[in-house]
Amino acid sequence: MTGLQDDLGLAPRDLANSFFRAGWTDVVAGRADLLATLRTALEGIAPTLRAEDLIAYWFEMSSRIVQPVLSDVRDARSRGVPVFLATNQCHARADYLMDAVGLRSEVDGIVYSAQAGHPKPEAGFYAFAEDATGHPPGDLLMVDDKSENVEAAEAAGWRAVHWTEGDSLSAILRQNT
């Protein structure tokens, strides 16, 4: 949210302290409602900013499709490799990604933390993903940009690869599927 201050008059540090550090963990784990939690946070830092407006801004600004990755996902699926998103998201943003961004037609499904009741890297996330996808741990491959999520996936019996910028998802999938 680079332009948050300029676009909405909200200091990113204030949002980080009042919302992300204070309430996001419960929202992303499905224990608290995004809108209600954000409204409470904004009361103290930006009382004239509507939570709905901030959510719309946030979702739009932070939901960009990386075309080479999307092309690699399409290639994998064309070869019969199922692709699921496995992400730390609240219900509203997961729906936004699947419907407004259009990922529902690009992937086989989504497993997200609020749905699971556990964020990555908690073990409960991986157990939920196994049940949700219908695949045993040894059949699952996690490609993630956070090493702690990769380590947790491996501890759950998954194959896992730490993604770094410039990596080719297609190459990773061809080596691991």
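## Helix 2 against helix 4

Helix 2 passes helix 4 in a right-handed crossing. This is a predicted model. The two axes come within 9 Å and cross at roughly 130°. That angle makes helix 2 oblique to helix 4.

Which residues of helix 2 meet helix 4? They are Asp-14, Leu-15, Ser-18 and Phe-19. On the side of helix 4, the partners are Leu-34, Thr-37, Leu-38, Ala-41 and Ile-45. By class, this contact of helix 2 with helix 4 has six nonpolar, two polar and one charged residues.

## Helix 4 against helix 5

Helix 4 covers residues 34-45, and helix 5 covers residues 51-61. Their axes come within 9 Å and cross at roughly 110°. Helix 4 is therefore roughly perpendicular to helix 5, since angles of 65 to 115 degrees count that way. Here too the crossing is right-handed, with helix 4 passing helix 5.

Helix 4 brings Leu-34, Leu-35, Leu-38, Arg-39 and Leu-42 to the contact. Helix 5 brings Ala-51, Glu-52, Leu-54, Ile-55, Trp-58 and Phe-59. The residues of this contact of helix 4 with helix 5 divide into nine nonpolar, no polar and two charged.

## The buried side of helix 5

What is buried in helix 5? The residues are Ala-51, Leu-54, Ile-55, Tyr-57, Trp-58 and Phe-59.

Helix 4 is one of several partners. The buried residues of helix 5 pack against helix 1, helix 2, helix 3 (24-28), helix 4 and helix 7 (91-100).

## Leu-10, a loop residue

Leu-10 lies in the loop between helix 1 (4-8) and helix 2 (12-20). Is Leu-10 buried or exposed? It is buried, because its relative accessible area is 1% and the cut-off for buried is under 20%.

Leu-10 touches Leu-4, Gln-5, Leu-15, Leu-42, Ile-45, Ala-46, Leu-49 and Leu-54, leaving aside residues up to four places away in sequence. Several of these names have come up already. Leu-10 and Ile-45 are 35 residues apart along the chain, yet their C-alpha atoms are separated by 7.8 Å.

## Helix 6 and helix 11

Another pair joins helix 6 (residues 67-78) to helix 11 (residues 169-176). The axes come within 8 Å and cross at roughly 30°. Helix 6 and helix 11 are therefore roughly parallel to each other, as angles under 35 degrees count as roughly parallel.

Val-69, Asp-72, Val-73, Asp-75 and Ala-76 of helix 6 make the contact with Leu-169, Ser-170, Leu-173 and Arg-174 of helix 11. The residues of this contact of helix 6 with helix 11 divide into five nonpolar, one polar and three charged.

## The whole chain

The chain has 11 helices and four strands. Its C-alpha trace spans about 50 × 30 × 25 Å along the principal axes. A compact globule of 177 residues would have a radius of gyration near 16 Å, and the chain's 17 Å agrees with that.

Buried residues make up 40% of the 177 residues. How much of the contacts in the chain with a separation of 6 or more comes from residues 24 or more positions apart? They account for 52% of those contacts.

Definitions and conventions
Residues are numbered from 1 along each chain as its sequence is written. This is a predicted model: local features need pLDDT of at least 70, side-chain atom pairs count only at pLDDT 80 or more; totals for chains, interfaces and linings use all residues. Side-chain values use heavy atoms; hydrogens and water are left out. Axes are lines fitted to C-alpha atoms, for helices over the stretch in contact, and angles run from 0 to 180 degrees between N-to-C directions. Helices (H or I, at least four residues) and strands (E, at least two) are DSSP runs, numbered from the N terminus. Angles under 35 degrees count as roughly parallel, over 145 as roughly antiparallel, 65 to 115 as roughly perpendicular and the rest as oblique. A crossing is left-handed if the near helix is turned anticlockwise from the far one by less than a right angle, and right-handed if clockwise. Contact means heavy atoms within 4.5 Å. Ala, Val, Leu, Ile, Met, Phe, Trp, Tyr, Cys and Pro count as nonpolar, Asp, Glu, Lys and Arg as charged, and the others, Gly among them, as polar. The radius of gyration is taken over C-alpha atoms; the globule rule is 2.2 Å times the number of residues to the power 0.38. Buried means under 20% relative accessible area, exposed over 50%, partly exposed in between (1.4 Å probe, protein chains only).
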